[in-house]
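This report concerns the pairing of charged side chains and the packing of helices in one protein model. The sequence and the structure are shown first.

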Amino acid sequence: MAEEPLYGPFFGVMGCAAAMIFSALGAAYGTAKSGVGISCMSIMRPELIMKSIIPVVMSGIIAIYGLVVAVLIANSIKTPAAGYSPYNGFLHFGAGLSVGLSGLAAGCAIGIVGDAGVRGTAQQPRLFVGMILILIFAEVLGLYGLIVALILTTKI
């Protein structure tokens with residue numbers, strides 16, 4: 001049996017890194033943007049601070065999606081001599097990009113909606129349910145990337 005090319009694990013490692021880096025970037029942006037809105041809102045209505053933490057929690061979940069896929073990929077990477085082919089590396093790279101970039105997009109959406117939503121809820125409390133629904137739709141974008149990434153990691 002011929003040894004696999006040396007570049008296969010490189011793509012697997014890059015997929016692992018992409019999963020964590022991009023999803024953490026999305027979560028960080030969502031947390032920061034929502035945190036600014038919470039800070040501004042808490043000046044007018046400090047009793048709503050704990051109720052307004054929801055966008056920050058949802059942003060953190062995005063990073064967990066990336067962590068799960070990064071751990072799955074990291075545990076699957078082997079040496080080329082052990083049979084880790086470029087096909088495996090490309091699948092892992094695709095899985096990492098899938099969850100990472102969808103997590104980045106979801107984090108941006110959660111941050112923008114969270115910022116505007118908590119500020120709006122401070123002025124009109126009936127906006128809260130609408131904000132939660134929009135946040136759920138933004139969060140599900142990251143979940144779609146996680147599902148595709150899990151499918152890709154099981155193709156090996």
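A search of the whole structure finds 3 salt bridges, a salt bridge being a side-chain nitrogen of Lys or Arg within 4 Å of a carboxyl oxygen of Asp or Glu. The model is predicted, so local features need pLDDT of at least 70 and side-chain atom pairs count only at pLDDT 80 or more, whereas totals for chains, interfaces and linings use all residues. Residues are numbered from 1 along each chain as its sequence is written, and side-chain values use heavy atoms, with hydrogens and water left out.

| Salt bridge | N to O distance |
|---|---|
| Asp115 and Lys33 | 3.5 Å |
| Arg45 and Glu47 | 2.7 Å |
| Asp115 and Arg119 | 2.8 Å |

Side chains of opposite charge can pair when their charged atoms come close. Helices (H or I, at least four residues) and strands (E, at least two) are DSSP runs, numbered from the N terminus.

Asp115 also pairs with Arg119; both residues lie in helix α3, 4 residues apart, about one turn of the helix. Through shared partners, salt bridges join Lys33, Asp115 and Arg119 into one network.

The accessibility classes are buried (under 20% relative accessible area), exposed (over 50%) and partly exposed (in between), computed with a 1.4 Å probe on protein chains only. In the remaining pair, Arg45 is partly exposed at 24% and Glu47 is exposed at 55%.

Helix α3 (residues 86-123) also packs with helix α4 (residues 127-153): their axes come within 8 Å and cross at roughly 175°. The two helices are therefore roughly antiparallel, a class for angles over 145 degrees. Axes are lines fitted to C-alpha atoms over the stretch in contact, with angles running from 0 to 180 degrees between N-to-C directions. By class, this contact has 19 nonpolar, 12 polar and 1 charged residues.

An unreviewed UniProt entry places the feature "transmembrane region" at residues 6-32, 53-77, 89-114 and 126-152; such annotations may be inferred rather than shown by experiment. In the model, residues 89-114 are 100% helix and 0% strand, with end C-alpha atoms 36 Å apart. Residues 126-152 are 96% helix and 0% strand, and their end C-alpha atoms lie 41 Å apart.

Technical notes
Parallel < 35°, antiparallel > 145°, perpendicular 65-115°, else oblique. Nonpolar A, V, L, I, M, F, W, Y, C, P; charged D, E, K, R; others polar.
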